[in-house]
Amino acid sequence: PSWRIYDPQFTAANDVAIMKDLWTAVKPKITVVPCLVIERNGKADILPFPVNETESLATLKKYKEGK
């Protein structure tokens with residue numbers, strides 16, 4: 001498990017390979033910022049940024065449990 005906060009213009013060139021590859025894959029698909037990107041089992045979902053802590057935790061729990 002890991003997390004990052006990236007500016008949409010960030011390249012991630014100096015980040016670890018797994019995060020660099022994830023950012024390279026999702027960056028062109030991001031249409032609205034801020035957003036939340038969750039990668040699980042090789043699949044990345046781009047979601048609207050949660051409006052509060054409760055919604056954030058519910059979203060993360062849903063993904064932890066397998067959606």
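Colleague: Lys and Arg count as positive and Asp and Glu as negative, while His and the chain ends are not counted. On that basis, how far apart are the mean positions of the positive and negative charges of the protein?

Modeller: They are 5 Å apart, for 10 positive and 8 negative charges. Each charge is placed at NZ of Lys, CZ of Arg, CG of Asp or CD of Glu.

Colleague: What kind of model is this?

Modeller: It is a predicted model, where local features need pLDDT of at least 70, side-chain atom pairs count only at pLDDT 80 or more, and totals for chains, interfaces and linings use all residues. Residues are numbered from 1 along each chain as its sequence is written, and side-chain values use heavy atoms, leaving out hydrogens and water.

Colleague: Okay, the fold. Which elements, and in what order?

Modeller: From the N terminus, α-β-β-α. That is two helices and two strands. These are DSSP runs numbered from the N terminus: helices are H or I with at least four residues, strands are E with at least two. The radius of gyration is 12 Å, close to the 11 Å from the globule rule for 67 residues, so the protein is as compact as a globular protein of that length. That radius is over C-alpha atoms, and the rule is 2.2 Å times the number of residues to the power 0.38.

Colleague: How do the strands pair?

Modeller: β1 (residues 35–40) and β2 (residues 43–48) run antiparallel, joined by six bridges. Pairing takes at least two DSSP bridges. E39 sits opposite A44 in β2. The two strands make a hairpin with two residues between them.

Colleague: Which turn residue there has a positive phi?

Modeller: N41, at about 55°. N41 is not a glycine.

Colleague: Is N41 buried or exposed?

Modeller: N41 counts as exposed because its relative accessibility is 71%. Exposed means over 50% relative accessible area, buried under 20%, partly exposed in between, with a 1.4 Å probe and protein chains only.

Colleague: And A12? Buried or exposed?

Modeller: A12 counts as buried because its relative accessibility is 0%. Its phi is also positive, near 65°. A12 belongs to the segment before α1.

Colleague: What share of the protein is buried?

Modeller: 21% of the 67 residues.

Colleague: New topic. Where is the cis peptide bond?

Modeller: Between V33 and P34, with omega about 0°. P34 is in the loop between α1 (17–26) and β1.
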